[in-house]
Amino acid sequence: MRTNVIVAEYMKNLYNQCMVRQRLPKILLLGADGQLGADLAREFGQDDLVKAAEQEFDVTVPESVRKLVMETAPGVVLNATAYNNVPDCEINTGMAFKINATGVRNIALACRETDAKLVHFSTDYVFDGEKGSAYDEEDVPSPINAYGISKLCGEYFACLAPSHCIVRLSGLFGTAGCKTKGGTNFAKKIIAIGAGTGRAEVASNIYFSPTYSVDAASKTREIMETGGTGLYHVTNAGDCSWYEFAVEILRLARIKAVVTPRDEDPSSAGVRRPACSSLTSCRIAQPRHWKDALADYIAEFSKSPKGNEESQCR
(Lines give C-alpha, C1' and ligand atoms only; values in the text may rest on other atoms or scores of the structure.)
Protein backbone atom coordinates (compact mmCIF):
# COMPACT_ATOMS: atom_id res chain seq x y z
CA MET A 1 0.00 0.00 0.00
CA ARG A 2 2.81 2.37 0.95
CA THR A 3 4.57 1.64 -2.38
CA ASN A 4 1.41 2.55 -4.30
CA VAL A 5 1.21 5.89 -2.47
CA ILE A 6 4.85 6.68 -3.26
CA VAL A 7 4.38 5.79 -6.94
CA ALA A 8 1.21 7.88 -7.13
CA GLU A 9 2.96 10.86 -5.56
CA TYR A 10 5.89 10.48 -7.96
CA MET A 11 3.57 10.39 -10.98
CA LYS A 12 1.71 13.44 -9.69
CA ASN A 13 4.93 15.43 -9.32
CA LEU A 14 6.12 14.33 -12.76
CA TYR A 15 2.80 15.37 -14.29
CA ASN A 16 2.96 18.78 -12.58
CA GLN A 17 6.48 19.33 -13.91
CA CYS A 18 5.34 18.51 -17.42
CA MET A 19 2.40 20.90 -17.08
CA VAL A 20 4.53 23.78 -15.75
CA ARG A 21 7.43 23.52 -18.17
CA GLN A 22 6.72 24.64 -21.71
CA ARG A 23 8.06 23.34 -24.97
CA LEU A 24 10.32 26.05 -26.35
CA PRO A 25 9.48 27.66 -29.69
CA LYS A 26 12.01 28.50 -32.39
CA ILE A 27 14.89 30.51 -30.92
CA LEU A 28 17.09 33.16 -32.54
CA LEU A 29 20.34 33.66 -30.63
CA LEU A 30 22.04 37.00 -31.29
CA GLY A 31 25.72 37.20 -30.38
CA ALA A 32 26.20 33.43 -30.55
CA ASP A 33 29.97 33.80 -30.84
CA GLY A 34 30.48 35.65 -27.55
CA GLN A 35 31.29 34.39 -24.06
CA LEU A 36 27.66 34.04 -22.95
CA GLY A 37 26.44 33.28 -26.47
CA ALA A 38 28.71 30.25 -26.78
CA ASP A 39 27.19 28.61 -23.70
CA LEU A 40 23.66 29.61 -24.68
CA ALA A 41 24.30 27.92 -28.02
CA ARG A 42 25.35 24.73 -26.21
CA GLU A 43 22.43 24.89 -23.77
CA PHE A 44 19.82 25.30 -26.52
CA GLY A 45 21.67 23.28 -29.15
CA GLN A 46 19.08 20.48 -29.18
CA ASP A 47 16.19 22.94 -29.64
CA ASP A 48 15.05 24.68 -32.81
CA LEU A 49 17.91 27.18 -32.66
CA VAL A 50 19.22 29.69 -35.19
CA LYS A 51 22.61 31.18 -34.26
CA ALA A 52 23.65 34.63 -35.47
CA ALA A 53 27.20 35.81 -34.78
CA GLU A 54 27.68 39.56 -34.42
CA GLN A 55 29.48 39.84 -37.76
CA GLU A 56 26.42 38.39 -39.53
CA PHE A 57 24.24 41.43 -38.78
CA ASP A 58 24.57 44.98 -37.43
CA VAL A 59 22.60 45.47 -34.22
CA THR A 60 22.97 49.26 -34.59
CA VAL A 61 21.13 49.27 -37.95
CA PRO A 62 17.34 48.79 -37.59
CA GLU A 63 16.84 47.25 -41.04
CA SER A 64 19.67 44.76 -40.51
CA VAL A 65 18.04 43.53 -37.31
CA ARG A 66 14.53 43.58 -38.77
CA LYS A 67 15.59 41.57 -41.82
CA LEU A 68 17.23 38.88 -39.69
CA VAL A 69 14.28 38.56 -37.33
CA MET A 70 11.70 38.59 -40.14
CA GLU A 71 13.55 35.92 -42.13
CA THR A 72 14.07 33.72 -39.07
CA ALA A 73 10.55 34.17 -37.65
CA PRO A 74 11.48 33.05 -34.12
CA GLY A 75 9.18 32.69 -31.14
CA VAL A 76 12.00 33.85 -28.84
CA VAL A 77 15.00 36.12 -29.42
CA LEU A 78 17.95 35.72 -27.04
CA ASN A 79 20.04 38.88 -27.12
CA ALA A 80 23.61 38.18 -25.99
CA THR A 81 25.11 41.15 -27.88
CA ALA A 82 26.82 43.79 -25.77
CA TYR A 83 29.61 46.33 -25.67
CA ASN A 84 30.94 45.51 -22.21
CA ASN A 85 34.51 46.76 -22.04
CA VAL A 86 33.81 49.16 -19.17
CA PRO A 87 36.81 51.55 -19.58
CA ASP A 88 36.28 51.68 -23.36
CA CYS A 89 32.63 52.64 -22.82
CA GLU A 90 33.83 55.83 -21.12
CA ILE A 91 35.89 56.69 -24.20
CA ASN A 92 33.56 55.39 -26.93
CA THR A 93 30.33 56.41 -25.24
CA GLY A 94 28.50 56.79 -28.53
CA MET A 95 29.26 53.22 -29.56
CA ALA A 96 28.32 51.94 -26.11
CA PHE A 97 24.85 53.49 -26.43
CA LYS A 98 24.47 52.38 -30.06
CA ILE A 99 24.99 48.73 -29.09
CA ASN A 100 23.74 48.54 -25.50
CA ALA A 101 20.75 50.88 -25.82
CA THR A 102 19.50 51.66 -29.34
CA GLY A 103 20.62 48.22 -30.50
CA VAL A 104 18.23 46.69 -27.98
CA ARG A 105 15.52 49.05 -29.20
CA ASN A 106 16.05 47.75 -32.74
CA ILE A 107 15.70 44.17 -31.52
CA ALA A 108 12.63 44.92 -29.38
CA LEU A 109 10.82 46.66 -32.24
CA ALA A 110 11.55 43.71 -34.55
CA CYS A 111 10.18 41.40 -31.86
CA ARG A 112 7.06 43.55 -31.63
CA GLU A 113 6.55 43.27 -35.37
CA THR A 114 6.87 39.47 -35.33
CA ASP A 115 5.24 38.93 -31.90
CA ALA A 116 8.43 37.29 -30.57
CA LYS A 117 9.48 37.20 -26.92
CA LEU A 118 12.73 39.00 -26.12
CA VAL A 119 15.17 37.64 -23.55
CA HIS A 120 17.76 40.34 -22.94
CA PHE A 121 20.88 40.15 -20.76
CA SER A 122 21.98 43.05 -18.58
CA THR A 123 24.42 43.76 -15.78
CA ASP A 124 25.01 44.42 -12.07
CA TYR A 125 26.52 47.76 -13.12
CA VAL A 126 23.05 49.30 -13.27
CA PHE A 127 23.57 49.81 -9.51
CA ASP A 128 25.81 52.34 -7.75
CA GLY A 129 27.15 49.90 -5.12
CA GLU A 130 26.10 52.07 -2.16
CA LYS A 131 23.55 49.64 -0.68
CA GLY A 132 26.17 47.70 1.27
CA SER A 133 24.60 44.31 0.54
CA ALA A 134 23.43 42.31 -2.48
CA TYR A 135 20.83 43.86 -4.78
CA ASP A 136 17.65 42.00 -5.70
CA GLU A 137 15.09 42.65 -8.44
CA GLU A 138 13.14 45.15 -6.32
CA ASP A 139 16.07 47.52 -5.79
CA VAL A 140 16.07 50.75 -7.81
CA PRO A 141 18.93 51.06 -10.35
CA SER A 142 21.33 54.00 -10.18
CA PRO A 143 24.27 53.51 -12.57
CA ILE A 144 27.42 55.57 -12.15
CA ASN A 145 29.32 54.97 -15.41
CA ALA A 146 28.65 55.03 -19.14
CA TYR A 147 28.47 51.25 -19.40
CA GLY A 148 25.88 50.96 -16.63
CA ILE A 149 23.80 53.84 -17.98
CA SER A 150 23.80 52.39 -21.51
CA LYS A 151 22.77 48.96 -20.20
CA LEU A 152 19.94 50.42 -18.11
CA CYS A 153 18.67 52.26 -21.18
CA GLY A 154 18.76 48.90 -22.97
CA GLU A 155 16.58 47.40 -20.23
CA TYR A 156 13.97 50.10 -20.77
CA PHE A 157 14.04 49.56 -24.54
CA ALA A 158 13.66 45.78 -24.07
CA CYS A 159 10.24 46.50 -22.58
CA LEU A 160 9.07 47.56 -26.06
CA ALA A 161 8.85 43.88 -27.02
CA PRO A 162 5.36 42.36 -26.61
CA SER A 163 6.77 39.91 -24.07
CA HIS A 164 10.18 40.34 -22.47
CA CYS A 165 12.54 38.89 -19.91
CA ILE A 166 15.55 40.83 -18.61
CA VAL A 167 18.33 38.78 -17.01
CA ARG A 168 20.99 40.65 -15.04
CA LEU A 169 24.38 38.97 -14.66
CA SER A 170 27.53 39.80 -12.70
CA GLY A 171 31.22 39.00 -13.14
CA LEU A 172 30.67 36.57 -16.01
CA PHE A 173 33.33 33.95 -16.75
CA GLY A 174 33.28 31.23 -19.40
CA THR A 175 35.64 29.24 -21.57
CA ALA A 176 34.93 31.31 -24.70
CA GLY A 177 36.08 34.58 -23.13
CA CYS A 178 34.72 38.06 -23.81
CA LYS A 179 34.98 39.26 -27.42
CA THR A 180 35.15 42.97 -26.56
CA LYS A 181 38.04 42.16 -24.19
CA GLY A 182 40.05 40.28 -26.80
CA GLY A 183 38.66 36.82 -25.99
CA THR A 184 39.73 36.92 -22.37
CA ASN A 185 38.13 37.46 -18.96
CA PHE A 186 39.35 37.99 -15.40
CA ALA A 187 39.77 34.26 -14.69
CA LYS A 188 41.83 33.75 -17.83
CA LYS A 189 44.02 36.74 -17.00
CA ILE A 190 44.75 35.40 -13.52
CA ILE A 191 45.58 31.95 -14.91
CA ALA A 192 47.93 33.60 -17.43
CA ILE A 193 49.90 35.14 -14.57
CA GLY A 194 51.59 31.78 -14.12
CA ALA A 195 52.93 32.07 -17.66
CA GLY A 196 54.14 35.61 -17.08
CA THR A 197 55.46 37.52 -14.10
CA GLY A 198 53.77 35.29 -11.54
CA ARG A 199 52.66 38.34 -9.55
CA ALA A 200 49.69 40.67 -9.54
CA GLU A 201 47.87 43.13 -7.32
CA VAL A 202 44.10 42.70 -7.18
CA ALA A 203 41.38 44.85 -5.65
CA SER A 204 40.22 43.58 -2.28
CA ASN A 205 37.59 46.27 -1.62
CA ILE A 206 35.33 45.78 -4.65
CA TYR A 207 32.71 43.04 -4.37
CA PHE A 208 30.57 41.21 -6.94
CA SER A 209 28.82 37.89 -7.64
CA PRO A 210 30.88 35.62 -9.95
CA THR A 211 28.72 33.98 -12.60
CA TYR A 212 29.67 30.96 -14.70
CA SER A 213 28.21 31.38 -18.19
CA VAL A 214 27.27 27.68 -18.24
CA ASP A 215 25.07 28.16 -15.16
CA ALA A 216 23.65 31.41 -16.51
CA ALA A 217 22.60 29.62 -19.70
CA SER A 218 21.05 26.74 -17.75
CA LYS A 219 19.06 29.08 -15.50
CA THR A 220 17.91 31.03 -18.56
CA ARG A 221 16.45 27.80 -19.96
CA GLU A 222 14.65 27.17 -16.68
CA ILE A 223 13.14 30.66 -16.76
CA MET A 224 12.04 30.24 -20.36
CA GLU A 225 10.55 26.79 -19.84
CA THR A 226 8.41 28.07 -16.98
CA GLY A 227 7.17 31.03 -19.03
CA GLY A 228 9.04 33.63 -16.97
CA THR A 229 8.71 37.32 -17.83
CA GLY A 230 10.02 40.52 -16.29
CA LEU A 231 13.27 40.99 -14.40
CA TYR A 232 15.58 38.30 -13.00
CA HIS A 233 18.96 38.33 -11.27
CA VAL A 234 20.97 35.28 -12.30
CA THR A 235 24.33 34.75 -10.61
CA ASN A 236 26.01 31.93 -8.78
CA ALA A 237 25.34 31.94 -5.05
CA GLY A 238 27.60 33.97 -2.78
CA ASP A 239 29.84 36.93 -3.47
CA CYS A 240 33.47 37.92 -2.98
CA SER A 241 36.09 40.55 -3.71
CA TRP A 242 38.14 40.36 -6.89
CA TYR A 243 41.13 39.46 -4.72
CA GLU A 244 39.28 36.51 -3.13
CA PHE A 245 38.20 35.39 -6.59
CA ALA A 246 41.80 35.52 -7.87
CA VAL A 247 43.12 33.52 -4.92
CA GLU A 248 40.52 30.79 -5.48
CA ILE A 249 41.30 30.66 -9.21
CA LEU A 250 44.99 30.06 -8.53
CA ARG A 251 44.25 27.48 -5.82
CA LEU A 252 41.95 25.46 -8.06
CA ALA A 253 44.28 25.73 -11.06
CA ARG A 254 47.27 24.75 -8.87
CA ILE A 255 49.28 27.62 -10.25
CA LYS A 256 52.21 29.01 -8.30
CA ALA A 257 51.63 32.72 -8.62
CA VAL A 258 51.35 35.49 -6.07
CA VAL A 259 48.46 37.92 -5.84
CA THR A 260 48.47 40.62 -3.22
CA PRO A 261 45.41 42.57 -2.06
CA ARG A 262 45.13 46.29 -2.60
CA ASP A 263 42.51 48.94 -1.97
CA GLU A 264 41.36 50.30 -5.29
CA ASP A 265 39.93 53.73 -5.82
CA PRO A 266 36.50 53.02 -7.39
CA SER A 267 37.22 55.92 -9.79
CA SER A 268 40.61 54.60 -10.97
CA ALA A 269 41.45 53.92 -14.61
CA GLY A 270 39.18 56.77 -15.66
CA VAL A 271 35.93 55.01 -14.75
CA ARG A 272 33.77 54.87 -11.61
CA ARG A 273 32.86 51.37 -10.49
CA PRO A 274 30.34 50.28 -7.84
CA ALA A 275 32.10 49.20 -4.64
CA CYS A 276 29.63 46.34 -4.11
CA SER A 277 27.45 45.27 -7.04
CA SER A 278 26.66 41.78 -5.74
CA LEU A 279 23.31 40.39 -6.88
CA THR A 280 20.76 38.10 -5.29
CA SER A 281 17.22 37.16 -6.29
CA CYS A 282 13.83 37.39 -4.63
CA ARG A 283 12.24 35.55 -7.59
CA ILE A 284 14.28 32.41 -8.26
CA ALA A 285 16.71 30.05 -6.55
CA GLN A 286 20.29 30.93 -7.44
CA PRO A 287 22.55 28.36 -9.10
CA ARG A 288 25.25 26.58 -7.08
CA HIS A 289 27.90 28.47 -5.12
CA TRP A 290 30.43 30.33 -7.25
CA LYS A 291 33.33 28.25 -5.85
CA ASP A 292 31.72 25.03 -7.10
CA ALA A 293 31.05 26.62 -10.49
CA LEU A 294 34.63 27.92 -10.67
CA ALA A 295 36.00 24.43 -10.00
CA ASP A 296 34.10 23.13 -13.03
CA TYR A 297 35.28 26.07 -15.12
CA ILE A 298 38.92 25.44 -14.23
CA ALA A 299 38.53 21.75 -15.10
CA GLU A 300 36.97 22.66 -18.45
CA PHE A 301 39.52 25.35 -19.18
CA SER A 302 42.39 22.94 -18.47
CA LYS A 303 41.12 20.65 -21.25
CA SER A 304 41.51 23.36 -23.90
CA PRO A 305 44.80 23.69 -25.83
CA LYS A 306 45.37 27.18 -24.42
CA GLY A 307 44.54 26.01 -20.92
CA ASN A 308 47.00 23.13 -21.15
CA GLU A 309 49.71 25.48 -22.39
CA GLU A 310 49.22 27.93 -19.53
CA SER A 311 48.88 25.22 -16.89
CA GLN A 312 52.43 24.08 -17.62
CA CYS A 313 53.74 27.30 -16.08
CA ARG A 314 53.38 26.40 -12.41
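Here are a few friendly notes on this predicted model, going from the whole chain to one residue.

1. Ground rules. Local features need pLDDT of at least 70 and side-chain atom pairs count only at pLDDT 80 or more, while totals for chains, interfaces and linings use all residues. Residues are numbered from 1 along each chain as its sequence is written, and side-chain values use heavy atoms, with hydrogens and water left out.

2. Overall make-up. The protein has 11 helices and 12 strands; these are DSSP runs numbered from the N terminus (helices H or I, at least four residues; strands E, at least two). Of its 314 residues, 49% count as buried, that is, under 20% relative accessible area with a 1.4 Å probe and protein chains only. Among contacts (heavy atoms within 4.5 Å) with a separation of 6 or more, 80% come from residues 24 or more positions apart.

3. The sheet. Six strands make an open, parallel sheet in the order S2-S1-S3-S4-S5-S10, where pairing requires at least two DSSP bridges between two strands. S2 (49–52) and S10 (230–233) are the edge strands, each pairing on one side only. From one strand to the next, the twist averages 20 degrees.

4. S4, S5 and H6. Strand S4 (residues 117–123) pairs with strand S5 (residues 163–169) in the parallel sense, over seven bridges. For Leu-118, the bridge partner in S5 is His-164. Helix H6 (residues 146–158) lies across both strands and runs at about 165 degrees to S4; axes are lines fitted to C-alpha atoms, for helices over the stretch in contact, and angles run from 0 to 180 degrees between N-to-C directions.

5. Thr-123 is found in strand S4 and is buried, with a relative accessible area of 4%. Leu-169 is 46 residues from Thr-123 in sequence, yet their C-alpha atoms are 4.9 Å apart. Leaving aside neighbours within four places in sequence, Thr-123 is in contact with Tyr-147, Lys-151, Arg-168 and Leu-169.

6. H3 against H5. The axes of helix H3 (residues 62–72) and helix H5 (residues 93–114) come within 9 Å and cross at roughly 40 degrees. That makes H3 oblique to H5, the class left once angles under 35 (roughly parallel), over 145 (roughly antiparallel) and 65 to 115 degrees (roughly perpendicular) are set aside. H3 contributes Pro-62, Val-65, Arg-66, Val-69 and Met-70 to the contact, and H5 contributes Asn-106, Ile-107, Ala-110, Glu-113 and Thr-114.

Definitions and conventions: Buried means under 20% relative accessible area, exposed over 50%, partly exposed in between (1.4 Å probe, protein chains only).
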